[in-house]
Amino acid sequence: MGSEEIDLAELPFSNDNSSLHDTNVLDSTRGSINMVSPIMPYHFNTNIIPSKPEYIFQLDTSRSRPFTLRLTYITGSGYITGLALGGSWGIVEGCIALFRLQDASRKVRITAMLNSITRRGPLFGNNLGILSMYFAFSEQIIRRFRNNQDNLNKVFAAIFAGTLWRCTKSLRATVIAGFFGGIVVGCYHLFDDSI
Amino acid sequence: MDDIESLYREPCPWRIVDDAGGGFAIGAIGGGIFSFYKGIRFSSPGFKSRAWSGVQALKARGPVYGGNFAVWGGLFSTMDCCLMSLRGKEDPWNSVVAGATASGMLALRTGMVGMIGAAIGGAIILGLIESIPIAMTRYQATQQREMTFQQAPDPSILGKQDVSTLHRH
């Protein structure tokens, strides 16, 4: 195999790649089962590395993971990211505090370090976890409402989560939080082709 | 909008994220409802005052409950994964030991006695959670065995008996 050029058309089970990466599959399978064949064109040539995920059944392209799994994944990743960020900030603060406590005993220094970590870590983690939970719930609601799943849902969900997060502060803070959430998620999905 | 029905959990390192997120969601929703009720209950009379007090209590305490649950879930899942890779098998004892270790680690700053007490409490809770499905399966299995005893005998045995009696004549 190695350096030889392989003609794809002559190989068994190999197909044109454009049929694999058809983006209109989503629309054609919506609502009714009008499959060309039950199994997608699936090639067994190991030299071809597909750029997009392959599905055995065509209907699977319009499906996703269950809501509970998405909720736990989004919330957990948000919480753990916030915990790590806040913990790092707490470690920096504790190191600054240790300069003032150079003459203190070992126990006092350990307690000061732990206090500064446990003050900042859970604060960041809780806030990011709550934001992620708002995002997951609102994305699911918007997805049901629009009966569609694309990245525009995520932008709307981020705007909604930001406004909900700051809705008790003031109107200005609410608008800024929603705008910020929309900008962040919009920039994340800006270069995605499906928005 | 059909979801793929997945009965299987994530593979082990990523399970920690999922368990922490599940714990956070449960704790934040349940604790949020609880603290909202508490804020309404212990407030000055008047609808506006009560509602505002409830919202403030929810905002102050809900994320804290969520964070505590998330820390517990994440530690438990970490311990479970560690035990699974160390012992090379997955059984209820893993969960019991992981629950005891997670509870003990959370009570690390209270001293030795507090740690042991928390570990025993965690082990009892996880033992109850793990033993209820086992008891259910065992109960269903006994019922199944009683059902199989009432079945008719295998017809192939009857045929063989007939052949043997014919041969004897």
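This is a predicted model: local features need pLDDT of at least 70, side-chain atom pairs count only at pLDDT 80 or more; totals for chains, interfaces and linings use all residues.
## Surface and fold of chain B

Of the 169 residues of chain B, 29% count as buried. The secondary structure of chain B consists of five helices and zero strands, which gives the pattern α-α-α-α-α when the chain is read along its sequence. Among the contacts in chain B with a separation of 6 or more, 51% are accounted for by residues 24 or more positions apart.

For chain B, an unreviewed UniProt entry lists residues 20–40 and 106–129 under "transmembrane region". In the model, residues 20–40 of chain B are 100% helix and 0% strand, with the end C-alpha atoms 29 Å apart. Residues 106–129 of chain B are 79% helix and 0% strand, and here the end C-alpha atoms lie 20 Å apart.

## Surface and fold of chain A

Chain A has an accessible surface of about 12800 Å², of which 64% belongs to carbon and sulfur atoms, and 32% of its 195 residues count as buried. Chain A contains six helices and zero strands, and its pattern along the sequence is α-α-α-α-α-α. When contacts in chain A between residues at least 6 apart in sequence are considered, 63% of them join residues at least 24 apart.

The "transmembrane region" feature is placed by UniProt, again in an unreviewed entry, at residues 79–99 and 173–191 of chain A. The model shows residues 79–99 of chain A as 100% helix and 0% strand, with 30 Å between the end C-alpha atoms. Residues 173–191 of chain A are 84% helix and 0% strand, and their end C-alpha atoms are 28 Å apart.

## The contact between the chains

Together, chain A and chain B bury about 2300 Å² between them, and 64% of this area is on carbon and sulfur atoms. Of the area that chain A buries against chain B, 21% is supplied by A:Arg63, A:Tyr79 and A:Thr168, which is more than any other three residues supply. The contact takes 33 residues from chain A and 24 residues from chain B.

## Nonpolar cores

The largest nonpolar core has 17 residues, and those that touch the most other members are A:Leu71, A:Met133, A:Phe135, B:Phe24 and B:Ala28. Two or more residues of this core are given by each of α3 (67–100), α4 (106–146) and α5 (151–165) of chain A, together with α1 (12–41) of chain B. The largest share, five residues, comes from α4(A), and the core draws at least three residues from each of domain 2 (66–145) and domain 3 (150–195) of chain A.

With neighbours within four places in sequence left aside, A:Met133 is in contact with A:Leu71 and A:Thr75 and also with B:Phe24, B:Ala25, B:Ala28 and B:Ile29. A second, separate core of seven residues includes B:Phe76, B:Met79, B:Leu83 and B:Ala98.

## Individual positions

A:Thr75 lies in helix α3 of chain A, and this residue counts as buried because its relative accessibility is 0%, where the cut-off for buried is under 20%. Apart from residues up to four places away in sequence, A:Thr75 touches A:Gly129, A:Ser132 and A:Met133 as well as B:Gly21 and B:Phe24.

B:Asp18 is found in helix α1 of chain B; its relative accessibility is 9%, so B:Asp18 also counts as buried. Not counting residues up to four places away in sequence, the residues that B:Asp18 touches are B:Glu10 and, on the other chain, A:Leu69, A:Thr72 and A:Tyr73.

B:Val71 has its place in helix α2 (residues 47–87) of chain B, and with a relative accessible area of 31% B:Val71 is partly exposed. When residues up to four places away in sequence are not counted, B:Val71 touches A:Tyr79 and B:Leu106. A:Tyr79 is one of the three residues named above for their share of the area that chain A buries against chain B. B:Val71 and B:Gly21 are 50 residues apart in sequence, and their C-alpha atoms are 9.5 Å apart in space, while B:Gly21 is itself among the residues that A:Thr75 touches.

Notes: Residues are numbered from 1 along each chain as its sequence is written. Chains are lettered from A and ligands numbered from 1 in the order in which they are written. Side-chain values use heavy atoms; hydrogens and water are left out. UniProt positions are given in the numbering used here, feature names are shortened, and annotations may be inferred rather than shown by experiment. Helices (H or I, at least four residues) and strands (E, at least two) are DSSP runs, numbered from the N terminus. Buried means under 20% relative accessible area, exposed over 50%, partly exposed in between (1.4 Å probe, protein chains only). Contact means heavy atoms within 4.5 Å. A nonpolar core is a set of buried Ala, Val, Leu, Ile, Met, Phe, Trp, Tyr and Cys residues joined through side-chain atoms within 4.5 Å. Domain bounds come from an automatic or database domain assignment. Buried area is the accessible area (1.4 Å probe) that two parts lose on being put together, summed over both. Accessible areas come from the Shrake-Rupley method with a 1.4 Å probe; for residues, only the protein chains shown count as cover.
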